[in-house]
Amino acid sequence: FWTESDVLFWLTTLGLDETKTQETIEQFRLNHVSGKTLLQLTDEILREDFNIASFGMRHLILESAKHLHYSTQSYFQIFLMWLETYKSIVEILLGLMGCLLTCFSAIVCSNIKKMKDD
C-alpha cells in the first residue's frame, strides 16, 4: 500500500483548484491518510472529518481512489504522472549528470596520464 506521502502526491494529480488542493492535502496530512486508509474513506468522512464541503470534490476523490484500487498498474501510473509533472527538472538533472560524468572522466584520465608520466 501507499505511504502517506504517496497519497499526498496523488492528490496533486487530480486536477483540483490549487487552493482547494492545498487545503485538501493539509486535511489528508493531518489525518495521516495512507493508501489503506484512502480506500476506507467515505463521503461522510470527507464531509464531516475532513471538512470538504464540495460534493464534486468528494466524489472525485472517492472515484479516483476506487479506480486506483482496481488498477494493477497504479504505481506505474503515479510514476508517469510524477515524471510528466517534473519532466523539465528531470531533464535538467540528467543533463547535469552527463556534464559531471564528462568532467569526472576528464579528471580521471588526466590523473592516469600524470601517474604514467611520473
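**Figure 1. Helix 1 passes helix 2 in a right-handed crossing.** A crossing is termed right-handed if the near helix is turned clockwise from the far one by less than a right angle, and left-handed if anticlockwise. Helices (H or I, at least four residues) are DSSP runs numbered from the N terminus, as are strands (E, at least two). The structure is a predicted model, in which local features need pLDDT of at least 70 and side-chain atom pairs count only at pLDDT 80 or more, whereas totals for chains, interfaces and linings use all residues. Residues are numbered from 1 along each chain as its sequence is written, and side-chain values use heavy atoms, with hydrogens and water left out. Two packed helices are described by the angle between their axes and the distance between the axes. The axes of helix 1 and helix 2 come within 10 Å and cross at roughly 165°. Helix 1 is therefore roughly antiparallel to helix 2. Axes are lines fitted to C-alpha atoms, for helices over the stretch in contact, and angles run from 0 to 180 degrees between N-to-C directions. Angles over 145 degrees count as roughly antiparallel, under 35 as roughly parallel, 65 to 115 as roughly perpendicular and the rest as oblique.

**Figure 2. Residues at the contact of helix 1 with helix 2.** From helix 1, Val-7, Leu-8, Leu-11 and Thr-12 meet Thr-21, Thr-24, Ile-25, Phe-28 and Arg-29 of helix 2; contact means heavy atoms within 4.5 Å. Five of the residues in this contact are nonpolar, three are polar and one is charged. Here Ala, Val, Leu, Ile, Met, Phe, Trp, Tyr, Cys and Pro count as nonpolar, Asp, Glu, Lys and Arg as charged, and the others, Gly among them, as polar.

**Figure 3. Thr-24 in helix 2.** Thr-24 counts as buried, at 3% relative accessibility. Buried denotes under 20% relative accessible area, exposed over 50%, and partly exposed in between (1.4 Å probe, protein chains only). Not counting residues up to four places away in sequence, Thr-24 touches Leu-11, Ile-52, Met-57 and Ile-61.

**Figure 4. The largest nonpolar core.** A nonpolar core is a set of buried Ala, Val, Leu, Ile, Met, Phe, Trp, Tyr and Cys residues joined through side-chain atoms within 4.5 Å. The largest such core has 21 residues, of which Trp-10, Leu-11, Phe-28, Leu-38 and Ile-61 touch the most other members. Two or more residues are given to this core by each of helix 1 (4–12), helix 2 (18–30) and helix 5 (55–70). Helix 1 supplies the largest share, five residues. Leaving aside neighbours within four places in sequence, Leu-38 is in contact with Trp-2, Val-7, Trp-10, Phe-28, Val-33 and Ala-65.

**Figure 5. The loop between helix 2 and helix 3 (35–38), with Ser-34.** Ser-34 is buried, its relative accessible area being 18%. Apart from neighbours within four places in sequence, Ser-34 is in contact with Trp-2, Thr-3, Glu-4 and Val-7. His-32 also has its place in the loop between helix 2 and helix 3. Although not a glycine, His-32 has a positive phi of about 50°.

**Figure 6. Asn-51 in the loop between helix 4 (43–48) and helix 5.** Most residues other than glycine have a negative phi. Asn-51, which is not a glycine, has a positive phi of about 55°. Asn-51 counts as exposed, at 58% relative accessibility.

**Figure 7. Glu-23 in helix 2 and Glu-91 in helix 7 (residues 87–117).** Glu-23 is partly exposed, with a relative accessible area of 43%. C-alpha to C-alpha, Glu-23 and Phe-55 are 15 Å apart in space, and in sequence they are 32 residues apart. Glu-91 is likewise partly exposed, with a relative accessible area of 48%. A separation of 24 Å lies between the C-alpha atoms of Glu-91 and Leu-8, which are 83 residues apart along the chain.
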